[in-house]
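Biologist: Could we go through the sheet of this structure together, strand by strand?

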Amino acid sequence: MGSTTELFTEKSEAYAKYRSGYPQELINEIVNPFVGSKTIKAADIGAGTGISSRLLADAGCTVTAVEPNQAMAEAAADHQGVEFKIQPAETTGLPDSSMDIVSSFQAFHWFNFAKSLAEFNRVLKKDGKLALVWSYWNEEDPFTKKYIDLISNATNKNPDSVSPYDGFPSGFIKKWRIRFLWKFKTLPYFKEVRRHRYIYTEEMNEESMIGLALSQSYLVHEGKLWDELCDKIRDLAAEGAADGEPARFSYKVNAFTAKPVK
């Protein structure tokens, strides 16, 4: 697969345009303890195209978006509260004890587990907060489940597709790491690990559903099987909007917050 930091290079535009946002309740959970401070400084690690960084900035944070992939950073929409820094999660180059918040949305599973957590501890203030967030397509929602099945079938049929769990650092895979947090609620260098769960929905149409598929790194986006997938997505979009209301795509969002051990 090559370097995981370059995995989304060719998908940066689709990622920026079609990946989902996050529930405002979650953003409030992360930011509210610091409201009233003169400046809330946040480092959003593995920021991608800045989706989460802009949400944090809209909530009052001054955000340093740390992202190793130049193409992803260049695809980000400008925001006066967000400044990008091209660095890996394990060596951010940020000053010691400089951040109120360190967050990672949909990215922590790509990092070296222990080294990144040590780095997050280093840059957080003593009373700072860590937030690790993952968003999943919600299989319990019937419409979303139909979309999931289309993507899964297209992936399984194409011998050139890449497993979404190939290439993870240090032998960890995404599901294992998150399940570890669910079960033990413990992290090196951190204490008071808490889990927060949300259901989040977004309106979807034919364009955004195909665009979401385009943003998936493991799909092959050309050839007969891709064309067939797009046709099936168009049919599903029409089905979802058949009652005159826009189709709604559902996500399960899991977040873990913690305080640094200093």
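Modeller: Gladly, bearing in mind that this is a predicted model.

Biologist: In what order do the strands of the open sheet lie?

Modeller: The sheet is open and has 7 strands with mixed pairing. Its edge strands, each pairing on one side only, are β3 (82–85) and β6 (190–204), and the twist averages 20 degrees from one strand to the next. Read across the sheet, the order is β3-β2-β1-β4-β5-β7-β6.

Biologist: Which residue stands opposite Ser 103 in β4?

Modeller: Strand β1 (residues 40–45) pairs with β4 in the parallel sense over 3 bridges. Within that pairing, the residue standing opposite Ser 103 is Asp 44.

Biologist: Over how many bridges do β4 and β5 pair?

Modeller: The bridge partners in β5 include Lys 129 for Ile 101 and Leu 130 for Val 102. From β4 the chain passes through helix α5 (residues 113–123) to β5 in a right-handed β-α-β crossover. The two strands pair in the parallel sense, and the count of bridges is 6.

Biologist: Why is strand β4 largely enclosed by the rest of the structure?

Modeller: Helix α2 (residues 24–31) lies across several strands, among them β4, to which it runs at about 150 degrees. Helix α3 (residues 51–58) lies across β1, β2, β3 and β4. Strand β4 (residues 99–105) is largely enclosed because, taking buried as under 20% relative accessible area, the number of its residues that are buried is 7 of the 7.

Conventions. Residues are numbered from 1 along each chain as its sequence is written. This is a predicted model: local features need pLDDT of at least 70, side-chain atom pairs count only at pLDDT 80 or more; totals for chains, interfaces and linings use all residues. Side-chain values use heavy atoms; hydrogens and water are left out. Buried means under 20% relative accessible area, exposed over 50%, partly exposed in between (1.4 Å probe, protein chains only). Helices (H or I, at least four residues) and strands (E, at least two) are DSSP runs, numbered from the N terminus. Two strands pair if DSSP finds at least two bridges between them. A crossover is right-handed if, with the strands pointing away from the viewer, the path from the first strand over the helix to the second runs clockwise. Axes are lines fitted to C-alpha atoms, for helices over the stretch in contact, and angles run from 0 to 180 degrees between N-to-C directions. Contact means heavy atoms within 4.5 Å.
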